[in-house]
Amino acid sequence: MIRMILSGCNGKMGQVISQNVRQRENCTIVAGIDLTTDMTGGFPVFARADECTVEADVLVDFSHPAAVDSLLKMAVARKLPVVIATTGLSQQQLAHIDQASQIIPVFHSSNMSLGVNLLAALAKQAAKFLQYDFDIEILEKHHSLKVDAPSGTAVMLAKEVASVLDEPYEFVYDRHNRLEKRPKKEIGLHSIRGGTIVGEHDIIFAGHDEVITISHSATSKEVFATGSINAALFLAGKPAGLYGMSDMI
């Protein structure tokens, strides 16, 4: 039985993860970390990472970027494997994740959905063949409460596509002040926020007289909960290092 500490346990994603774990027999949540310390999940909840002393096998973070540094510090001090599923992290925080992975096992992904990671793999294959004749654009849509834009998943997809291109491409997030035709070597990233959209990502390859679009649409948060729990089960007992969805798949 894998014992999990869940950071962000009282948030929307945290509640979905808690419900999912209750239906499993191979893992359990033994403690939570959240600014709201309501114990609705049947386990103790601590307002700060350094207040939690409950023994566990893995820490799962699905909270807020502001909490990540303290969680990493706690995980390193306790030699506790950690799954970082929170998005919108700064470059400095990404560097902290790399540093922590030299001491403990760290699983980090901008999107915990298996489908999105398959989307990335398919997009890389397409980009290899289409880069010379097609313009590449990425469109992402999320609910009105999402604060970061573009999404961490959109940036991840752009980096994955760029990794197979023969020449460096510029990421362009805003064209409203560019009074020029579209340069060839760029990848455009565009964000839509509205309603209760869970998450949609389109990778568009626009060529002469034809357009190829590879898409993924999530209709509930369940896919992210399932991915994060599977990542926790995968990570428990692993040696120090940085892991991602490709390792688990």
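This is a predicted model: local features need pLDDT of at least 70, side-chain atom pairs count only at pLDDT 80 or more; totals for chains, interfaces and linings use all residues.
Helix 3 (91-100), helix 4, helix 5, strand 12 (241-243) and helix 7 each contribute at least two residues to the lining of the second largest pocket, and the largest contribution to that lining, five residues, is made by helix 5. Sorted by class, the lining of the second largest pocket holds 13 nonpolar, twelve polar and five charged residues.

The largest pocket, for its part, has a volume of about 1,200 Å³. Its lining counts 44 residues, and M13, F62, S63, H64 and T87 are the ones that lie nearest its centre. Helix 1, helix 2 (65-78) and helix 5 are the elements that give two or more residues to this lining, with the largest share, four residues, coming from helix 2. The lining of the largest pocket divides into 15 nonpolar, 22 polar and seven charged residues.

In soluble globular proteins, nonpolar side chains tend to be buried together. The largest nonpolar core of this model has 30 residues, and the residues with the most contacts inside it are M4, I17, V21, F62, V83, F107 and M112. Two or more residues of this core come from each of strand 1 (2-7), helix 1 (12-22), strand 2 (27-33), strand 4 (58-61), helix 6 (222-235) and helix 7 (245-248), and helix 6 supplies the largest share, seven residues. A second, separate core has 23 residues, including A126, F134, L157 and F205.

When neighbours within four places in sequence are left aside, I17 is in contact with L6, F62, A225, S228 and I229.

Charged side chains give another kind of link. Side chains of opposite charge can pair when their charged atoms come close. The model contains 17 salt bridges. One of them joins K124 and E160, whose closest N and O atoms are 3.3 Å apart; because K124 belongs to helix 4 (residues 114-130) and E160 to helix 5 (residues 152-162), this pair ties together parts that are 36 residues apart in sequence. Both partners are partly exposed, K124 with a relative accessible area of 24% and E160 with one of 28%.

Another salt bridge is formed by E167 and K185, with the closest N and O atoms 3.6 Å apart. E167 sits in the loop between helix 5 and strand 8 (170-172) and K185 in the loop between strand 8 and strand 9 (186-193), so that distant parts of the chain, 18 residues apart, are linked by the pair. E167 is partly exposed at 44% relative accessibility, and K185 is partly exposed at 37%.

Since E186 lies in strand 9 and R175 in the loop between strand 8 and strand 9, the pair ties together parts eleven residues apart in sequence. E186 is buried, at 1% relative accessibility, whereas R175 is partly exposed, with a relative accessible area of 29%. E186 and R175 also belong to a network of salt bridges that links them with D135, E137, E170, R178, E180, R182 and K184.

Technical notes
Residues are numbered from 1 along each chain as its sequence is written. Side-chain values use heavy atoms; hydrogens and water are left out. A salt bridge is a side-chain nitrogen of Lys or Arg within 4 Å of a carboxyl oxygen of Asp or Glu. Buried means under 20% relative accessible area, exposed over 50%, partly exposed in between (1.4 Å probe, protein chains only). A nonpolar core is a set of buried Ala, Val, Leu, Ile, Met, Phe, Trp, Tyr and Cys residues joined through side-chain atoms within 4.5 Å. Contact means heavy atoms within 4.5 Å. On a 1 Å grid over the protein atoms alone, a cavity is a set of points where a 1.4 Å probe fits but cannot get out, and a pocket is an open set with protein on both sides within 12 Å along at least five of seven lines; lining residues have an atom within 4 Å of a point. Grid points are joined across faces, edges and corners, and a volume is the space filled by probe spheres set on the points. Ala, Val, Leu, Ile, Met, Phe, Trp, Tyr, Cys and Pro count as nonpolar, Asp, Glu, Lys and Arg as charged, and the others, Gly among them, as polar.
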